[in-house]
Amino acid sequence: VGELFDAVVDLAAQAYQLLAADPRFEVATRPTLSTLVFRWAGPDERADAVTLHVREALFASGAAVVASTTVDGRHWLKFTVLNPRTSIEDIAEVLD
């Protein structure tokens, strides 16, 4: 169980690097466990609406379950890596 937990924490760290390097996104903080908090890095007046729309579209498509949260009154996506079979390619596909 410990190895599986370490695998998802390591994957979240890799995904953080992917998000931090991508100008389409901003990341709230470096993950310490397996949860990534990020949002679309577009104009502030549209970012909240786009972020919520993305969450709803992903859920409706069945491609991924991404939660939402608020940070400093703004909407953010919250992606928690729980499945140790998830790959960085899977995460990149969801981000695209």
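1. Aromatic pairing. A search of the whole structure, a predicted model, finds 1 aromatic pair. Rings of Phe, Tyr and Trp (its six-membered ring) pair if their centres lie within 6.5 Å; planes under 30 degrees apart are stacked, over 60 edge-to-face, the rest tilted. F25 belongs to strand β1 (residues 25-27) and F38 to strand β2, so the pair ties together parts that are 13 residues apart in sequence. Strands (E, at least two residues) and helices (H or I, at least four) are DSSP runs, numbered from the N terminus.

2. 4 strands make an open sheet, ordered β1-β2-β4-β3, with antiparallel pairing. The edges are β1 and β3 (67-71), each pairing on one side only. On average, neighbouring strands are turned by 40° against each other, direction ignored. Two strands pair if DSSP finds at least two bridges between them. β1 and β2 have 3 bridges, in the antiparallel sense. V27 stands opposite F38 in β2.

3. Helices on the sheet. Helix α1 (residues 2-20) packs on the sheet and touches β1 and β2; its direction makes about 15° with that of β2. α2 also packs on the sheet, touching β2, β3 and β4, and its direction makes about 35° with that of β4. Contact means heavy atoms within 4.5 Å. Axes are lines fitted to C-alpha atoms, for helices over the stretch in contact; angles run from 0 to 180 degrees between N-to-C directions.

4. Helix α2. This helix (residues 44-61) has 18 residues and reaches 26 Å from first C-alpha to last, close to the 26 Å expected. The expected span is 1.5 Å times one less than the number of residues. Its buried residues are A47, D48, V50, T51 and L58. Their cover includes β2 (35-40), β4 (74-80) and α3 (88-95). G62 follows α2, with a positive phi near 80°.

5. A charge over a ring. R39 lies over the face of W76, at 5.3 Å from the ring centre. The criterion is NZ of Lys or CZ of Arg within 6 Å of the ring centre and within 35 degrees of the ring normal.

6. Basis. Residues are numbered from 1 along each chain as its sequence is written, and side-chain values use heavy atoms, leaving out hydrogens and water. In this predicted model, local features need pLDDT of at least 70 and side-chain atom pairs count only at pLDDT 80 or more, while totals for chains, interfaces and linings use all residues.

Note on methods: Buried means under 20% relative accessible area, exposed over 50%, partly exposed in between (1.4 Å probe, protein chains only).
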